[in-house]
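Okay, thanks for coming, everyone. Let me put the structure up and walk you through a few spots.

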Amino acid sequence: MRDGSTPSQTTDGFQSLGLRSAYSTSDGPLHSFYIPVLSLAKQIDRSAGYFTSHSLSLAARGLARLIQNNGKMRLLVGMELHTEDVNAVRQGAALEDITRDRLESMFEGPSNDIEERRLEALAWMVAAGTLTIKVVLPRHGSGYFHVKNGIATDHRGDQVSWQGSNNETQAGWIDNFEEFSVGISWDSDWTKSQVRFVEESFRRLWEGRHPKWTTLSIPEAARQKLLAYKTDKVPQRDPEEGEKEERLDIDREAVIAAWLADVPHMLGMDGRLGQTAAVRPWPHQSRVAQDVIATFPQRYLLADEVGLGKTIEVGLILRDLTLSQKVRRCLILAPASVRLQWQGELREKFGMTVPVYDGHDLLHGAGPQESIEVLNGAPPWDTAPIMIMSSQLARRAERRKALWEGPQWDLVVIDEAHHARRKDFLNRNLRRPNRLLELLEGVDDFPGGLAEKTEGLLLLTATPMQVNPVEVWDLLIQLGLPGRWGASGENFLQYFQELRRAPTEWREVNWRLVAKMARDELRHGGNIHDQLDEALEAELGWAGADRLKQLLDAPARIASLREAEQQAAMLKMLHHLTPLRRRMHRHTRQLLRTYQEKGLLPDNLAERLPDPRWVEMTPQERSLYDRVEEYISHFYRKYEAERKGLGFVMTVYRRRLTSSFHALEKSLSRRLDFLQGQAADLGITAEDWEDDDLGADVSEDLSFQDDRGSPATQEVEYVQSFLHSLRQLGTDTKYAQLEEDLSNALAVRPNVVIFTQFTDTMDYLREKLSAVYGRRVACYSGRGGERWNGRRWARVGKEEIKQEFKDEGIQILLGTDAMAEGLNLQTCGVEINYDVPWNPMRLEQRIGRVDRIGQRFDAVNIWSYFLEGTIEAQVYRRLRDRIDWFKGVVGPLQPILHSVEQTIRDLALQSPPQRNVALDAALAKLEAQIEQADEEVFDLESYQQEADKHPEPAPPATPSELEAFYTRSHSFGRLFRPDADLDGAYLLEGRSVTFRPELADQHPDTLHFLTLGDEQLAQLSARTTELRPSAFGLRRLETNPGRRRVGWFQNRNGKKAALVHSLSELQRRLLAEKRQPVAVDLAEQAFQDRVATETSRQRTKSRRIAEEKRSALREKGIQLLEHAICLWLARQQNLFGQGTPRPGSTTLEAMIKDEGYPFAGLARLLGGDVELSPDTRQWEDLTALTDRQLQSQWKLVTARSERLLNRLAVTKT
């Protein structure tokens, strides 16, 4: 499993120690060898002579350091068999009994405090299960085990071996002189062979494969003797480190604690702070996060396909930017149905406590930790600089105004950003944004909108293009496109249209426009990357590739290219030179398979096995279905005739009709109460209309309080009749299909997940299924998790749902689409869609919860239910036959699949006679769109990232390093009480905590994840003693004003000051016996240089972003002036009957002289080098307009020019 697994380890290990080939007593091996090696070891295998206090004490030298590093040990001890022992065995005595008695007699207890303290360390490891001891005995009755060697392994797999000279007598072990040779696994063949020899010798003995020696587990009696020395206090150091060492340890701990507290503000940590989260990112997630962090505040469109973890990408970005204080104020806008999922993900995986603003108060936490902070009308951002708000709430008129008038944000994140769109695409010149797009762009009274109120902006959507290619531009323009790219959507689309027709109409292409836009991209941050450069040179040679690039300054010469090779190379370069490539991150499941083939993604990617279920209704069901469908279409038309938008509620009932008769019955019951005045509203929820509301502003146009007019009076009788018929239905064929499928599925797979759109359907199914499966059924919806406890449905946390489903205690998990957002279900191999959303992309989102990276099974069964003969069944069957989309969504077809929802809605709400006529035409239109998919203006998939290796930066401190430091140090260890029931969990001042990401992922409701930047750890670190880094040759420097920056410097090679980048590097420095202090002047100069470089880079980025924005405004101004000149000339021609003069600088002067404001100011701000070249087609279109139409357009262009003039004036200052 990727989510929640431990981040990559630090690269430091044994190779950093500089070990010698041999050591003796005069070298002080405890400090020069044992402590450094055991401090980095993860596994020790050691042979230790006799089972005596003294021998064991020698074997335990430095062992406390292994304990602090969470290491494990295997220990072989020897025992000599006396003559009477051998005879007893020959006469039938059990060797185990002889061994037990002999070991008891040999172990006489420690002779001094040092031996006792080391026995305590051994006993502590035995009790913790991290030390296993075996006894080595001669197979043939004579001799004694006198091997003295060991082998250590670090987290990278590097090994160090040591072996001393053989001593023929037990007295040799008592001699204080020691001498041993050392082998290492990463150097010469000789040293590697030393390691292999020791490793193989130990393995043969441990496994009992040696021809002369046999091996037994240590008898329980001997084990208990050793355990008698265990204390409750975790061993911290070797006793020979002494009192001075204890004082040094406290000082070292103070330095480490201060360094850890400084990490978020430290130089050189960009991109590394996100790596300290409770999640190990997939390759593409890490790549996106690193790019966004490195280029912040550059804005991006994150457009990965459904299920590829855009939320994880944002979490990594937010964790890094907020810890480093590059982002202090952040607003996250998400659909209402996923607000809590966002809050939970940020808390569980990234250690971020972010409140949700509900329009009145701030909601903190969830489940047992939930609390409400009452605001009493105060602006939420005054209390919560980082917050989550629903997009529905933010786009309300009063909230939009508050956001526009409110404070500036450092970063705004908008989830499901495709909902910010135009209302229609009938006339691109009359752009009508919906409320969410208006929130971003502003209106006349508030130009600029939320996009102007933030420094950074991240737009998240798996489907940036739903209906029309210009939708991509509508999103990208919020990011700040340069020059002609940002001036108009027409320019944007025309660039790709020209490239598309180039292969067949090369000379007719508008190369002037294409070249200008390519130059705009190059001028404002775009580049020709190395891979493209190499490809061009391979095709054309260096000189040919260089000449090709120069042609961008000579568009006419591009048109004259004749050779196919040159034309192909030019198109390749021009396809590359677009803002899409550098402003959009796009990854697909197919790209992940390429990652897997290249060995960059070890986790499993399953095969999807879709098998739609076409359920035949009974005659009684069919009759009722048809009657209800006719009722819905009839009253839809009636309400729409009364007031547009009023019939929307009928689309809700039509969706519920296909879900289940039970869901429809519940809805109609509420409808009847409303119509008869017994209820104030219809009980319509987000699951009924969220997509329609966000995309089409349904709630803005619809008031349920007004629809009890004359049609409603007629409707009561219909509803009462249907409710009676619904309650008389005896058979439910769809549920019968579910019973059969569950029986088959659970015979071969341990569990099944069932999705439905509606909570009413889920409640119906759970009642029926719990009667059969009892506690093995659970559900998850907007209400949270629920499970049958034998008497009732009880609330349970997401933690229990996830764990029980994984452990197969829950076999059937029912859920609404809220489950498609909140749970990852890669342990499940069967998904049943009890109903299918009208929008196929919503179904894809469900499937993405199961068909995920790291899926447990090689194949995932997807069974989706359709009622035979319904509109949904006919449309989806045609899609299956034409594109087999159930197996996966192909990028170019995504806009077509989005149009399916409108197709189904239009057909479902027509009268039966009309529908029969329209159905074939609608299906034919869908097929035509599929045929033309490859001819779209551009294919987003062609701009996805390459599957190359992207190195992940190492975290400054790994979870295991943090755990070892805090739980085993003098300063903090006593505060962490191990959890008796859960290894790796602790009780810290009344709170259950863990440093282990996998535990935090398994127990999100009960365990708090401790990591860098955590407030509780910061409070602990503040309790340490006075900080003295200079005592260890270190220098700590900090900036004062502005953003806090810190640098910790050490001496490097005696000549330069180098930053301390990792905890392991710091610990080596603190443990080193010889430390050359860093020169103060060198450290200060290095610090100043680094801060100055960082500041300069940030200013350069900000200037480039501002210049991009100005270039787009400038180009927009030029186009407005061109349009104004054409309008002015057309009006002059109509007024005075003049000819058609050629627009140019003279015409501009004449228009300015005649009209003045705002055109004079606009021309002045644009500068004297304005090149005007109005489109001939634009002029021809205008000459065909009437005086009234020209006057209307003149007013429009004047207003736009005035607004642009104001914006240009602001940006110029």
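This is a predicted model: local features need pLDDT of at least 70, side-chain atom pairs count only at pLDDT 80 or more; totals for chains, interfaces and linings use all residues.

Let's start with Asp415. You'll find Asp415 in the loop that runs between strand 15 (409-414) and helix 16 (435-441). Now, does Asp415 have a salt bridge or no salt bridge? Asp415 is buried, yet it has no salt bridge. The nearest side chain of opposite charge belongs to Lys310, and that one is 6.4 Å away. So what does Asp415 touch, once we leave aside neighbours within four places in sequence? Its contacts are Leu333, Ala334, Pro335, Val338, Trp342 and Leu460.

Next up, Lys734, which sits in helix 32 (residues 733-748). Why do we call Lys734 buried? Because its relative accessible area is 5%, and the cut-off for buried is under 20%. Not counting residues up to four places away in sequence, Lys734 touches Val615, Thr658, Ser659, Tyr834, Asp835, Tyr865 and Leu867. And look at Met617: Lys734 and Met617 are 117 residues apart in sequence, but C-alpha to C-alpha they're 7.9 Å apart in space.

Last stop, helix 28, residues 661-675. From first C-alpha to last, its 15 residues reach 20 Å, close to the 21 Å expected at 1.5 Å a residue. How many of the residues in helix 28 are buried? It's 11 of the 15, so to speak a mostly covered helix. Among the buried ones are Phe661, Leu664, Glu665, Arg671 and Phe674. Just after helix 28 comes Gly677, with a positive phi of about 80°.

Methods:
Residues are numbered from 1 along each chain as its sequence is written. Side-chain values use heavy atoms; hydrogens and water are left out. Helices (H or I, at least four residues) and strands (E, at least two) are DSSP runs, numbered from the N terminus. Buried means under 20% relative accessible area, exposed over 50%, partly exposed in between (1.4 Å probe, protein chains only). Lys and Arg count as positive and Asp and Glu as negative; His and the chain ends are not counted. A salt bridge is a side-chain nitrogen of Lys or Arg within 4 Å of a carboxyl oxygen of Asp or Glu. Contact means heavy atoms within 4.5 Å. The expected span of a helix is 1.5 Å times one less than its number of residues.
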